[in-house]
Amino acid sequence: MKKFLALILVAVLALGLAACTAAPSTPAQTPSDTTSKTPADTSGGLIKVGIVNNPPSESGYRAANVADFERVFNEANGYKVSTFYSLKNDEQLNAAQQFITDGVDYLLISAAATDGWTNVLQNAKNAGVKVFLFDRMMNVDQSLFEAAVISDMKAQGKMAVQWLLDQKLPEYNVVHIQGAMGSDAQIGRTEPLNEQFEKGTMKCVVQQTATWDEATAKQIVESVINSGEKFNVIYAENDGMARGAVAALDEAGITHGKNGDVVIIGFDFNKWALREVLAGNWNLDVQCSPFQAERIHQMIQDLEAGKTLSEKIVINEERYFDAATITEADIDKYGIGD
Amino acid sequence: MMQNDIVLSIRNICKSFPGVRALQNVDFTLRKGEIHALMGENGAGKSTLIKVLTGVYPKDSGQIFLDINGGLKEINVKSPHEAQSLGISTVYQEITLCPNLTVAENMFIGRGNYRFVSWRSMKKKTAEILKKLNIPARAAQQLGTCSIAVQQMVAIARAVDMECKVLIFDEPTSSLDEQEVEKLFSLMRELKSRGVSIIFITHFLDQMYEISDRVTVLRNGELVGEYEVKDLPRVQLISKMMGKDLDDVSTLQKRKLPDEKTDVLPVYEAVGLSSTSCPNAFDFKISKGEVNGFTGLLGSGRSESVRAIFAADRITGGKIKINGKDVKIKKPKDAMKRGIGYLPEDRKRDGIVEDLSVRENIILALQVMKGFFRPFSRAEAEAFADEYIKLLGIKTASMDTPIKSLSGGNQQKAILARWLLTNPQYLILDEPTRGIDVGTKVEIQKLILKLAEEGVSVTFISSEIEEMLRTCSRLIVMRDRKAVGELKGDDMTQDNIMHMIAGEAVQNA
Amino acid sequence: MRDVLKKFARSQLVIPLFSLLLIVIFNLIRDVEFFSINIVTNNQGYRVLSGNLISILNGASAVAIMSIGMTLITSSCKGQDISVAAVAAIAGSVFVSVLRSNEITIPVIILAFLSSCLVSVLFSTFNGILVAVFKIQPMIATLILFSAGRSIAYWINGGATPTISSPLLASIGGFIPGIPIPTPIIIMVLFLVLISLVLRFTTLGLYTQVVGINEGTAHLNGINPVWVKLIAFMISGICVATAGNITVCRIGLINHETLLLDAEMDVILSVAIGGTALSGGKFNLYGSVIGAYIIQALTVTLYAMKVPSAAVKAYKAIVIILIVVISSPLVKEFAANLINKLFKKQAGAKIPMKAS
């Protein structure tokens, strides 16, 4: 019996360890292993780049974002890349400092939190390391980085609200499902809608956070349905929550989408979400583009060629698809995930 | 008696718990510089009286007067801490210190301004007290690593150190061996000569007679009377405690050794048995219907030996035969399956399951033997519990009462019931009579003899050699974790045992 | 009557039931129709029940199921498993990954369920071994999977939010065609029946409590504490896998980061509200389940009251503090005294009536 126990223990431990190490070390499996971080003069004409990002496991968006950078920044394109992923700001700061010490040429950062970066970026500047920010802005002086390629969450929210206004519905009774309170995406996507509520062009039936959780979104919508209040728009701040909301509608026998009673709006451009739009189950999905690598690649090439950059802050071009216009090809081209 | 001689006066105290009247109009008077014993069977109300006095329980009615600056004033104690500040300190029956703190911390914790006590001076002061009282512990030692006896002595030292008017000893000697008891008594006499009044609760008649000046007897929550110890013969005291004329103790006849037949295989036989806590291998056997015992001082290895028989600790070697057949006993369940029952020394730690009902506590062992997938139905369990509650006269409000609310003796009976229910062929009873009242002690001894008559083999351990002499037909004497001898028949006398136990110690001295 | 009431007052169920009653009364005063149940036709064309009561029962299923396992762990190990939600995410990921690599049929769903149970039981057993064999405090031991679990879940599927769609799954997470009660409620009831049978036909309950109250006694009475604790963790593993799978089926996708987010706290709270001491010992499974419904009823009430997003957690905390205070020994004793006094008066009044 003891032996059997020991066997199980070893197996479970091994499994646990394998899993523990495998997941966070996905970064280590990127084309450029951490071993390449050693300050090597053997880079042989390759441009040395250090990337500090959030881990791909954070979300579908982040997975696509990481994949995008892996696709662009590799040896085939002339880069020697070191990467570090963490959700914690202090770990990111340490990693960035290490990259500077290791003597990278460029430092690309998507910060976990917006504050605390001034020192590190100053060090980078002193060491002659050029810094690009992507995905998110941070609270630093603009002189400390070359350029920032970012998503404008508020612009996404505006796009959705404008589309909604363009539908010229007789009335707008909106159920607003928010993301985790205080997150960038929640603040940006909530603001334009709040403006409409204040103006009185739209009526807020319920505004509640589901903390990005699909099941919670479903419960919130169930609660609205049970209260008997009328609504004709569900504005969910990401695709998952929209899916949860729709599940509640389906159970209550309320039609939705292109020819239904309730307009469904989601964000993020997951492929499965776009398919819902294509099928007419949803009305609108707004992009939050994880694709910034190509743009940064161009700017680095410009700097290497001796040109100066024209823009300091580059807003990612983002778009939306509604049920009327979307095609299968769009899903393949723009959708993230599978 | 002069009025100003009185230190503490308790008048008409009543206290009830749901379903139980623990104290009814009890009076108690304590004089300056006396040792006053409080006696009574389990459930007589001794502990409750002390707990009311020290503010653990609020009293329902009655008055308590304490001598404050030369005059008796009524006090209303709301917490043990308040009692302490009034000069009433207690050493409880169960150790109430914190085992995970050091000895020094235990000495000082909860004593007012300990926030400002520096650890160093605390340690120093503790070391002094320990030295003064001859307690074998270090100030920085974690209390839990000390033996129970030493823990008890630390508790006493703590109370003594808090210069008090009234010092209450609630069963302080139940975990101490004779030497330690002597040490405690000399300490008590010393305190008495300094004018401290001592309330002494004990089950040991000898000790009571040795040290006390006066005695107050309680029975079933009521006052029986207050007596000068020298005017009260033992038999009278016992009959007052039990409320009936007592012939049991004296009539309990010493059992005759059953004729040893060489052709009958012993029920249990071990050769070279050793365990992690009993590293010295020993041989042991017991035949059908025999009562034998392990005797020796505290820590002599007597408990460890019987634990090894039951495989309570990890077995490291030895061969075992049950009724002549080779068997393996590697864990308690193996022993149980072979018909061995074991009543452990430390009832609270190893015996009872505090929060579970008397019923669940009684059926536990039999249930485990019956198997995981074959639970007793409620009706079966109730029938068993009911039978044994009646058989052993366990005093409980109902069989669903949590066992922790029973008195010590009744808890012990319930554990005994648990093992009797398994119908064992060999029963090991380690200190079954410790910390329980005289009546129950006698009952348990009678039960042991009755079981033996029915053919059950019993190994019995008790700190009171008298008890063992009365019940056992063979004694194995232990010293320093080794069996140093065996006594049978007429050789079994208190003197012989003492000699054997002391043997080497005397030579060394 | 008095005895029955007194017995009830002392039972562990009285506090959870009382709390639940308070929430129900509060809602009835606020809105008489709050608990009304309607029959609606869903988008698949079947008539189903709907209403806040159904939402509460339905929404609480996952936490209720997990609280069963947590109760056993709490009782026997004197501590809590804080990794249940993370392990649920792992189990859900396994479930999804098996379903995605096959065509979804009933046998495949069963296979997926069994594999997720197996994986979840393995991880739970890993926790159990740390706790039972290596004697690590449960909260510390399970901290490992608490922090690594969701990463493992991600690693299993390799993508962030894989979806699975099938009417079969919808009938697990939603309604079985023709049956008007949400399936999660049915699963919860089945689970409760199952665990009741286990408690009825094994000595698990007795062993668990004996180990939780006094390990020394358990050992000396032939109970192996290690196995009892491991069994608690294994049962919890099955509970956790079931809860994870139900949640996956509700929406048809797994988001390993948000699946049953913070549910471990709700589960532990359910156990606490249910009358099981978090320091182990005597347990009350049905109390824990009621605890889960109390928490869900509270959440739904807050939604219905349109409490602002940012304040939801604060309101929840206030009510939970109240419940915990009510169940504290101090208040319990006070209530018991009150009941005693009330009945003494009544009893006193009754005696002369009998005499006449």
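In the predicted model, K321(B) stands opposite D326(B), the latter a residue of β15(B). The strands concerned are β14(B), which spans residues 315–322, and β15(B); they pair in the antiparallel sense over three bridges. Both strands belong to an open sheet of four strands in chain B, arranged in the order β12-β11-β14-β15 with antiparallel pairing. The edges of this sheet are formed by β12 (282–286) and β15 (325–327) of chain B, each of which pairs on one side only. From one strand to the next, the twist averages 20°. Helix α10 of chain B, residues 302–310, packs on the sheet, where it touches β11 (268–275), β12 and β14 of chain B. The direction of α10(B) makes about 110° with that of β11(B).

At the level of domains, chain B is divided into domain 1, covering 94–162, and domain 2, which is made up of the segments 289–301 and 332–508. The centres of these two domains of chain B, taken over C-alpha atoms, are separated by 33 Å. Chain A is likewise described by two domains: domain 1 consists of 25–151 and 290–307, and domain 2 of 153–288 and 320–334. For chain A, the separation of the domain centres, taken over C-alpha atoms, is 34 Å. Contact between the domains of chain A involves four residues of domain 1 and five residues of domain 2. On the domain 1 side of chain A, the residues in this contact comprise one nonpolar, two polar and one charged.

Chain C is in contact with both chain A and chain B. In the contact with chain A, 39 residues of chain C meet 47 residues of chain A. Several elements of chain C give two or more residues to this side, namely the strands β1 (38–41) and β2 (47–50) and the helices α3 (52–59), α6 (106–132), α7 (138–157), α12 (225–251) and α14 (285–304). The largest share, five residues, comes from α7(C). By class, the side of chain C that touches chain A holds 18 nonpolar, 18 polar and three charged residues.

One helix pair across the contact of chains A and C can be described in detail. Packed helices are characterised by the angle between their axes and the distance between the axes. Helix α7 of chain A, residues 214–227, packs with α14(C) at an angle of about 60°, and the two axes are 9 Å apart. The helices α7(A) and α14(C) are therefore oblique to each other, and their crossing is right-handed. From α7(A), the contact is made by Q219(A), I220(A), S223(A) and S227(A), and from α14(C) by V300(C), Y303(C) and A304(C). The residues of this helix contact divide into four nonpolar and three polar, with no charged residue.

The contact between chains C and B takes 17 residues from chain C and 23 residues from chain B. On the side of chain C that touches chain B, the elements giving two or more residues are α10 (204–213) and α11 (215–220) of chain C. The composition of this side of chain C is six nonpolar, ten polar and one charged residues.

Notes
Residues are numbered from 1 along each chain as its sequence is written. Chains are lettered from A and ligands numbered from 1 in the order in which they are written. This is a predicted model: local features need pLDDT of at least 70, side-chain atom pairs count only at pLDDT 80 or more; totals for chains, interfaces and linings use all residues. Two residues are in contact if their C-beta atoms, placed from the backbone, lie within 7 Å. Ala, Val, Leu, Ile, Met, Phe, Trp, Tyr, Cys and Pro count as nonpolar, Asp, Glu, Lys and Arg as charged, and the others, Gly among them, as polar. Domain bounds come from an automatic or database domain assignment. Axes are lines fitted to C-alpha atoms, for helices over the stretch in contact, and angles run from 0 to 180 degrees between N-to-C directions. Angles under 35 degrees count as roughly parallel, over 145 as roughly antiparallel, 65 to 115 as roughly perpendicular and the rest as oblique. A crossing is left-handed if the near helix is turned anticlockwise from the far one by less than a right angle, and right-handed if clockwise. Two strands pair if DSSP finds at least two bridges between them.
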